Amino acid sequence: MTKSMDNVNILISGAGIAGTTLAYWLKRFGFNPTIVEHAPKLREGGYAIDFWGAGFDVSERMGIVRDLDKADLGIIELSIVDANGKRKGGMNYQKLKKMMKGRAFTLLRGDLAKIIYNHLDKDIEIIFGDTIDKIEQHTDRVTVTLHNGGTRNFDLVIGADGLHSNVRNLVFGNEAQFEKYYGYYTSSFTIEDDIHNGKAFEMYNVPCKQAAVYSTNGNKTTTFFIFTSSQKLVYQHNNIEAQKQILRSEFQNAGWKCADLLSKIDTASDFYFDVVSQILMNNWSKNRVTLVGDACDCPSLLSGQGSTLAMVGAYILAGELKEAGGNHKVAFAQYENIFKPFIADKQRIAKNFAKSFVPKSNFGIWMRNLIVKLMFLPFFSKLFIKQFSDDKLKLKEY
């Protein structure tokens, strides 16, 4: 660390993908990051994510590609089935990876987070089971009151705490003013029974609803549900039982394996349920506090790139702090100048995709299946690659 480095002590709220990636790069660039995480331990499980694009570039610079390759789920195909389990269409995942020149993985979100976490410097302080109650900004520091740990001073605070960011709520205001709801809810959980044999991502649709299963590397079965809702549902964000009841009411009589999967929901230790929304903000920073990942730039599940983009944003933020010698005013402004227009484009693409994400009619399901069949024709494959291309963003070597 150089003598001229300012604002060395930085608190990160959230030990997810954005928070751990940020801590990794801040430490590497000479800062002293501390992470506070509300959960009692690192979150496990989570739904499968496609990992490619600029996030792959960041993972190469972190030296974690080999570990990601080992964690790859090895899914061979997307198989679309009817209520009797008969295949109605699909997509070859290996061809898809070839289109990406092999620079693509399919990972459990929790596995990605764990790999990044395991590569953190052992000197980094990580506080599990605590959260920020109060943030007071001063000209030369930020005073933070932790729920369990008293009051501490940091030079900067960075919210990497997801769609329902606590830091954003404390510093920028209520979530409702930034959230754009896109008409979907999603859920995922893992069950011990290996009821799904093989390496296919098996997907079933009825109008307005989609359910899927796939095998994990631990011979378990992970589920994935998504359904439409014209209005936002009213429930407490942390009320797991209410969320399970919503999912049961939506899928209990939907057919296929849904009832059987739901009968095992209470055995899952990684139950996840949330709204599909984007976060749209004019500014990501306020004085000595800024945001990263879904806390400020959530592109939503519709983009297919939320986790990879979280890594990219964290890398850029840490890099700009390094280049500015810790000057947060310069670094935060540069971070937004570089990344915000790129994210706006990704959010726009996801918004345009929202209406067709889950077909709302039998005809829509038929059309979606037809498009999947055409995916590997040259014209359609070029369109697909273009949608997920990160060519507009050239990552600096910090």
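1. Starting with helix 2: its buried residues pack against helix 1, strand 3, helix 3, strand 6, helix 5 and helix 10. The buried set in helix 2 is Ala54, Gly55, Phe56, Val58, Ser59 and Met62. Just past the end of helix 2, Gly63 has a positive phi of about 75°. For the terms here, contact means heavy atoms within 4.5 Å; buried means under 20% relative accessible area, exposed over 50%, and partly exposed in between, with a 1.4 Å probe and protein chains only. Helices (H or I, at least four residues) and strands (E, at least two) are DSSP runs, numbered from the N terminus.

2. Before going on, a word on the source: this is a predicted model, where local features need pLDDT of at least 70 and side-chain atom pairs count only at pLDDT 80 or more, while totals for chains, interfaces and linings use all residues. Residues are numbered from 1 along each chain as its sequence is written, and side-chain values use heavy atoms, with hydrogens and water left out.

3. Helix 5 (residues 109-118) buries Gly110, Leu112, Ala113, Ile115 and Ile116. The cover over these residues includes helix 1 (17-28), strand 3 (48-51), helix 2 (54-62), helix 3 (65-71), strand 6 and helix 10 (306-323).

4. On to the voids: there are two cavities of 30 Å³ or more. A cavity here is a set of points on a 1 Å grid over the protein atoms alone where a 1.4 Å probe fits but cannot get out, and lining residues have an atom within 4 Å of a point. Grid points are joined across faces, edges and corners, and the volume is the space filled by probe spheres set on the points. The second largest cavity holds about 40 Å³.

5. What lines the second largest cavity? The residues are Asp50, Trp52, Tyr93, Leu96, Lys97, Ala104, Phe105 and Thr106. Helix 4 (93-99) and strand 6 (105-108) are the elements that give two or more residues to this lining, and helix 4 gives the most, with three. By type, the lining splits into five nonpolar, one polar and two charged residues. In that count, Ala, Val, Leu, Ile, Met, Phe, Trp, Tyr, Cys and Pro are nonpolar, Asp, Glu, Lys and Arg are charged, and the others, Gly among them, are polar.

6. Aromatics next: the whole structure has 24 aromatic pairs. Rings of Phe, Tyr and Trp (its six-membered ring) pair if their centres lie within 6.5 Å; planes under 30 degrees apart are stacked, over 60 edge-to-face, and the rest tilted. One of the pairs is Trp284 with Phe339, edge-to-face at 6.3 Å centre to centre and 70° between the planes. This pair links distant parts of the chain, 55 residues apart: Trp284 sits in the loop between strand 16 (272-279) and strand 17 (285-286), and Phe339 in helix 11 (residues 328-353). Trp284 is buried at 2% relative accessible area, and Phe339 is buried too, at 0%.

7. Phe339 also forms a stacked pair with Phe342, at 6.0 Å centre to centre and 25° between the planes. Phe339 and Phe342 are about one helical turn apart, because they are three residues apart in helix 11. An α-helix has 3.6 residues a turn, so residues three or four places apart point the same way. Both Phe339 and Phe342 are buried.

8. There is an aromatic cluster too, made up of Tyr181, Tyr185, Phe189, Phe225, Phe227, Tyr235, Phe251, Phe271 and Phe273. Lys244 lies over the face of Phe271, 5.7 Å from the ring centre. The test for that is NZ of Lys or CZ of Arg within 6 Å of the ring centre and within 35 degrees of the ring normal.

9. A couple of backbone angles to look at. Asn7, in the segment before strand 1 (9-13), has phi near 50°, a positive value in a residue other than glycine; Asn7 counts as buried at 12% relative accessibility. Cys208 also has a positive phi, about 75°, without being a glycine. Cys208 is in the loop between strand 13 (200-206) and strand 14 (209-215) and is partly exposed at 23%.

10. Last, two chain returns. Val213 is in strand 14 and buried at 1% relative accessibility; its C-alpha is 6.8 Å from that of Met203, 10 residues apart along the chain. Gln252, in the loop between helix 7 (240-251) and helix 8 (258-263), is partly exposed at 35%. Leaving out residues up to four places away in sequence, Gln252 touches Ala259 and Leu262.

How values were computed. On a 1 Å grid over the protein atoms alone, a cavity is a set of points where a 1.4 Å probe fits but cannot get out, and a pocket is an open set with protein on both sides within 12 Å along at least five of seven lines; lining residues have an atom within 4 Å of a point.
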